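Here is a quick tour for anyone opening this structure for the first time.

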Amino acid sequence: MKQFAELIRTLDSTNKTTLKVNALAHYFKTASDKDKVWTIAILSHRRPPRPVNTTLMRQWASAFAKIPLWLFEESYHIVGDLAETIALVIPPSEESSEKSLNQFLQEIIELKARSEEEKKEYLYENWFSLNYYERFVFTKLITGSFRIGVSQKLMTRALSKATEIDEDILAYKLMGNWDPATITFTDLILKENPEDYLSKPYPFYLAYAIEDEPQALGDVKEWAAEHKWDGIRSQVIIRNGELFVWSRGEELVTEKYPEFEKFIGQIPDGTVIDGEILPFPNNDIGTFKDLQTRIGRKNITKKLLEKTPVILKAYDLLEWDGEDIRKKAYQKRREILEKLFNDVASDEIPLHLSSTISFQNWDEVAKERERSREVKSEGLILKRWDSPYLVGRKKGDWWKWKVDPLTIDAVLTYAMRGHGRRSNLFTDYTFGLWDKEKEELVTFAKAYSGLTDAEFRKVDAWIKKNTLERFGPVRSVTPHHVFEIAFEGIAESSRHKSGVATRFPRILRWRQDKKIEEANTLEDLKNLIPK
Amino acid sequence: MKTPLLAFNQKGIYCEAADVYLDPWKPVKKAIISHGHADHSRWGHQQYITHHTNVPIIKHRLGDISVTGKGWNEIFTINGVKFSLHPAGHIIGSAQIRVEHKGEVWVFTGDYKTEDDGIAVPYEVVKCHTFITECTFGLPAFKWIPQQQVFNDINTWWQQNQDDGRTSVLFGYSLGKAQRLLKHLDTSIGKIYTHGAVENMTEVVRELVDLPPTEKITRDTKKEDIKGNIVIAPPSTHGTPWIKKMVPYVTASASGWMTFRGARRRRAIDKGFVLSDHCDWQGLLTSIKATGAEKIICTHGYTDIFSRFLAEQGYDARTEQTQYEEENAEESSKEKQES
């Protein structure tokens, strides 16, 4: 644990990628094999199931720190991270533990089955006897995802540096389901093991957002365009008569989409398709909101399957006849995919093809992009006809050209303190739109991002001087400032007071030129809902 | 209801009985000033009264002003109201302002810290009935470690950077933090370079305390000479062309906000040292208790949270809005006015 905590401390002490990679590579060369496996697991978001719920942890931590629970909650809100809050509020200790990371994780796994009293005792004992960084890491292992500014890609790079195994091979090895409690470092990383490859997906190739006008990409004839569908990017694998469905988050989600079992026997073994899982109620593409009813559920009931069936919209073919064809040109891969589609297509099989469109000039491409909302896509993906299927987000061959977001002018009504860096500033805002009579502002969205630091400071200073009422961390403010709010999608919602839910709302700009009377109405917003 | 001895109005903290303001934020006739930071000593008052060690500092910042210096514990009476200044330990020359009238005593802290930083005269407890306190770091998450430990870490960091062939760039406010930092640097490691704003202020402070030699970075300073040494600069220089001269460099910030991992990370600073010129949570609570005050007024910082906690502890606590800034990890207008 000491070594792991020290690693986290070192990673925390630099902002430079090379120094982070060096620190990780050094760790991978010197740590014990068991600890290495756990470190890989943790940094690729494979932590053991949470043994204690966070409500209890908050209660116990505030009791241990001898502060009222509300004060703990306020502190948590400001710090922004539960483990960090706990490590900060409980009395400091200079001690250190000799136990290995592996030992701690084994204990944490076993803790789940213990009684509440035993869990509490275990936490108290460790909080009491660990120094700040060890305590933070220990608590973080228990509370959840380990986001500490080290991406899986960066970790893979360091691992490659330490083992001299190619980065892409490592990315492949690390995908999928493996249990850090039982697998050895040799089996996971060092050994070549063909059987393991049965369920393994390929790393996804991701497109960069286009920077200039698409004309800068050169001859339009070298490019194909596809719509960018708004679902879950996935890989569907058929090997040895078995089906595996992977989401882009490298999560095996086969059980969630039983519809795809129909592929077995239809799509030949040794096939891997890259596509988008889309909701398809009433034989038409639904909204992302429809899909969310499927994502969240553990049990997929028959009723749900009838109400919100899904399809796979196929983009690309990565493996064919058991052969990795990623190095073949996109055009070639599409030919095989289209042939495959024509062979198996039927109303019974939930496989659709995402059409590839070729163009004579870039204006036509732009026109097609304008149609995106109409066909329920998020914009276009431009792919070079002769491009191989690469690993990760690479510039050059694939570009995404999303539609411009929807926008509306809204009035700032409430503000809340931000987290972490922004904890001394009011940076989390709530926005309202006018009702029909323009008498009352109805809350429609919250947004946290989109202003520069300088603008946030200005708005913060204004809020502090123009507070109407305080509700705990939230303040209502005099309606005075208008902001242009951008969002990606919009749908009716019974859960929101406004009757409308927006997707990814954020601040586009501060409209200091506008008075609040000039802000939009809720009716204006509702008119944006696709009919 | 009788008029309170000190009231908060549009211009600042007002003592009606004496017709005098404490740290006003709008121009007034007569102002008693707690310390030299720009949000407490503003431009435009007709007459300034402050501790005499703060006189050269605010003259440096505000130019030709009419200012009277007072000693520690020296009582001066205005319209029958007794005033005196007492060490606040925040920065050099920083004072708490004690106000006494008809047997009632109020103390305004300005900004303060309980730890002796080796430069400012250390904080002294002043008994009072009403205590007007800042609470910049009024959250239990803030706990300072002894400064000697922090300076050991800073010197180790500097040495390590030098071994790696890099220059250390350490950010701190020109007035207060900068001098506290350079006072405790281990000059056997290398030379201390400064940004112009830091150097000018340090020159003023040098008249009052012993500080190690520093060299201002000018257009003529050679890049090779800086390498491996340490540079003290205001936070506002981070990310500006000025800093390019230091390449290859590593950055660090010394501030109470560095308690939060996110504060350092998202601001793209390599290393954060937790070092503050304000009280931590326990420092605030201990000081408040020691004053014996029953009424507590929280001015700036986590005022709502802190006063609620005090109220639960049995104090008559409330908050008042002021225009004092909180110690901010970001570039602040404090710095802009100075540099």
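Let's start in chain B, where B:Thr77 has B:Lys82 of strand E8(B) as its bridge partner. Keep in mind that this is a predicted model. The two strands involved, E7(B) and E8(B) (residues 81-87), run antiparallel and are joined by three bridges.

**The sheet in chain B**

Strands of a sheet pair through backbone hydrogen bonds, either parallel or antiparallel.

**Where the chains meet**

Now for the contact between the chains. Chain A puts in 28 residues and chain B puts in 24 residues. On the chain A side, the elements giving two or more residues are helices H5(A) (69-79), H6(A) (82-89) and H17(A) (453-465). Of these, H5(A) gives the most, with five residues. What is the make-up of the side of chain A that touches chain B? It divides into nine nonpolar, eleven polar and eight charged residues.

**Chain A as a whole**

Chain A holds 18 helices and 21 strands. Its radius of gyration is 26 Å, close to the 24 Å that the globule rule gives for 531 residues, so chain A is as compact as a globular protein of that length. If you boxed up its C-alpha atoms along the principal axes, you'd need roughly 70 × 70 × 50 Å. Of the 531 residues in chain A, 36% count as buried. Take the contacts in chain A between residues at least 6 apart in sequence: 71% of them join residues at least 24 apart.

The chain is divided into domain 1 (2-143), domain 2 (205-402) and domain 3 (406-526). The centres of domain 1 and domain 3 of chain A, taken over C-alpha atoms, are separated by 36 Å.

**Two spots to look at in chain A**

First up is strand E3(A), residues 223-229. Is E3(A) buried or exposed? Seven of its seven residues are buried, so the strand is largely enclosed by the rest of the structure. E3(A) pairs with strand E10(A) (residues 377-384) in the antiparallel sense, over six bridges. Within that pairing, A:Ala224 stands opposite A:Lys383 of E10(A).

For the other spot, find A:His496, which sits in the loop between strands E19(A) (489-492) and E20(A) (500-503). Why does A:His496 count as partly exposed? It has 15 C-beta neighbours inside 10 Å, while being buried takes 20 or more and being exposed means 12 or fewer.

Methods
Residues are numbered from 1 along each chain as its sequence is written. Chains are lettered from A and ligands numbered from 1 in the order in which they are written. This is a predicted model: local features need pLDDT of at least 70, side-chain atom pairs count only at pLDDT 80 or more; totals for chains, interfaces and linings use all residues. Two residues are in contact if their C-beta atoms, placed from the backbone, lie within 7 Å. Helices (H or I, at least four residues) and strands (E, at least two) are DSSP runs, numbered from the N terminus. Ala, Val, Leu, Ile, Met, Phe, Trp, Tyr, Cys and Pro count as nonpolar, Asp, Glu, Lys and Arg as charged, and the others, Gly among them, as polar. Domain bounds come from an automatic or database domain assignment. Two strands pair if DSSP finds at least two bridges between them. The radius of gyration is taken over C-alpha atoms; the globule rule is 2.2 Å times the number of residues to the power 0.38.
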